[in-house]
Amino acid sequence: MYEGVIQDLIDELGRLPGVGPKGAQRIAFYILAADPQDVQRLTDALRIVKEKVRFCSICGNVSQEELCLICSDPKRLLTMICVVEESKDVVAIERTREFKGRYHVLGGAISPIDGIGPDDLRIRELLARLADDGITEVILATDPNLEGEATATYLARMIAPLGIAVSRLASGLPVGGDLEYADEVTLGRAFEGRRLV
Amino acid sequence: MDEAVPHLQVRQLTLQNFRNYDDLHLTFPGGVIAIVGSNGQGKTNIVEAIGYLSTLHSHRVASDIPLIRHDHTSAVIAAEVIRGDRALMVDIQLNTGRANQARINKVAVPRTREILGVLTAITFAPEDLAIVRGDPSERRAFLNDIATQQFPRLSGVMADYDRVLKQRNALLKSAGGARRSNLEAVSATLSVWDEQLVEFGTELMCARNELIVNLAPLVVSTYAEIAPHSEPLSLSYDDSLSRSEERPVTYDPDAVRKAFLQALDTKRQQELDRGITLVGPHRDELRLTLGRAPVKGYASHGESWSVALALRLGSYDLLARERATPVLILDDVFAELDTRRRRHLAERVADAPQAFITAAVDEDVPVDLVGCWLEVDKAEVTQRDR
């Protein structure tokens, strides 16, 4: 145990995701030894992020303004919505530059064990968006695990009566990988989702 | 036995901080290996480690914690396994507080269950009496062990099924409190989990049915040899659907799926009342019958032992026929058996490419068959002549 404030800092850092007790100690001593200006920049960034960042009123993505950069971009298609679990999934899909529509961030996936039901996610907001004219396709890009699949199935059922096309991201083989190293589930999915060439 | 089926053999075993062993290296020949020593010296720990590599759990305890040496945070079991003419290294690190890590040929695999199928072994131990006398969960665990050794991919299906079951039960429980007001919302979410429960559950039920169909004749004939004067043994699959009206006529996946969905529909109100899932492979039963009476509760002590032995030897034959001749492990059982059962077991041991037998004294081992004697004393293992 270290004295008062140093231990406080280590404890606080240790509460961050992905940081263990040893890592917290390393970061704490790095901060102690760092240039005061560097530390000032870090504390400013922490303060400002809590003050300025909010959630886009349309899609629920993190944003500095009322609308996020994607929702306020006039070049994005208004006919397609891609549904994801978290803001970080938006970033992942944006990196592909494949998708020209807009997003909807649910804020998680259905998981009764964690007490998360459909009402705890931004599903009502999604259905409200879909009630407006103009949207012709919804792409469900929830995680390919049990909870993500359950969420996608649930959404597909809610959207079906609206007469909007619903698609699910394909799961299958990683590009550049070897067929023989794929696990059975992935390979099985890839077979199910095969396409004509 | 078919010539095309390869034999499995454990050639080397390393244990680090496993049970009472600090750092143990052993080399085994083929044939019969006797491990002898007084109680509490560590005989069973050696075969327990071999069994662990084949099923990913101990045959003695439900948790991994007791396997890790006191005051240590991890234990290692490593083995060199010979399959036919190929050698394969497999090891697993058991950890407290974080996930276990397994490797094949020193390459880490993403999930420990991927080492299933590398080493197949059948263990017969005093604990097996619970398969015959215990709750249905003991018999399901028995079926699961054989199924995952035969078809390792099923362990993934089982893990998914268990996860969906937990989610669905959590939802049913929370729905019980909510009631009427948002019953419609609950059933919309419930049906999503139903779909996944049925998908994984159907696969498990079809696999279990096939397993029992293949296993039954082998177990029944073995039992008739061990206990010729007993009533005939029979095995049947009592899946939870058959207890409701919707019994599938055949175990065709489509028929099972339909019957499963129908059964969930029928039980919905009951499930909501009780807050648990009432149909599915988690409520299956392997029914064991002698003549017309169930084994559990009716069979004598001797008959129960014979049934347990027949189940293990039948499984051994099934794996030997369909995959590779497994390693046979007999943990402290000769002392428990009468002369006839001993003789029968000894005959099987004589045919096994590799068999491990633990016993407290030499007399409890079929002495003439043993090719290698190991003496265990306070975690020291020494080879000796007869």
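User: How do helix 5 and helix 9 of chain B pack, and at what angle?

Analyst: In this predicted model, helix 5 of chain B and helix 9 (residues 339-351) of chain B pack at an angle of about 130 degrees, and their axes are 9 Å apart. Helices here are DSSP runs of H or I with at least four residues, strands are E runs of at least two, and both are numbered from the N terminus. Axes are lines fitted to C-alpha atoms, for helices over the stretch in contact, with angles running from 0 to 180 degrees between N-to-C directions.

User: What is that arrangement called?

Analyst: The angle makes helix 5 of chain B oblique to helix 9 of chain B. Angles under 35 degrees count as roughly parallel, over 145 as roughly antiparallel, 65 to 115 as roughly perpendicular, and the rest as oblique.

User: Which residues meet there?

Analyst: From helix 5 of chain B come B:Thr222, B:Glu225 and B:Ile226, which meet B:Arg340, B:Arg341, B:His344 and B:Arg348 in helix 9 of chain B. Contact means heavy atoms within 4.5 Å. By class, this contact has one nonpolar, two polar and four charged residues. Ala, Val, Leu, Ile, Met, Phe, Trp, Tyr, Cys and Pro count as nonpolar, Asp, Glu, Lys and Arg as charged, and the others, Gly among them, as polar.

User: And how does helix 3 of chain B sit against helix 5 of chain B?

Analyst: Helix 3 (residues 136-150) of chain B packs with helix 5 (residues 183-226) of chain B at about 90 degrees, with the axes 10 Å apart. Helix 3 of chain B is therefore roughly perpendicular to helix 5 of chain B. The contact of these two helices has seven nonpolar, two polar and two charged residues. Residues of helix 3 in this contact include B:Phe142, B:Leu143 and B:Ile146, while B:Leu211 and B:Leu215 are among those of helix 5.

User: Which parts of chain B does the pair tie together?

Analyst: B:Phe124 lies in strand 8 (residues 121-124) of chain B and B:Trp305 in helix 8 (residues 301-322) of chain B, so the pair links parts that are 181 residues apart in sequence.

User: Are those two residues buried or exposed?

Analyst: B:Phe124 is buried, with a relative accessible area of 1%, and B:Trp305 is buried at 2%. Buried means under 20% relative accessible area, exposed over 50%, and partly exposed in between (1.4 Å probe, protein chains only).

User: How are the residues numbered, and what limits apply?

Analyst: Residues are numbered from 1 along each chain as its sequence is written, and chains are lettered from A and ligands numbered from 1 in the order in which they are written. Local features of this predicted model need pLDDT of at least 70, side-chain atom pairs count only at pLDDT 80 or more, and totals for chains, interfaces and linings use all residues, while side-chain values use heavy atoms, leaving out hydrogens and water.
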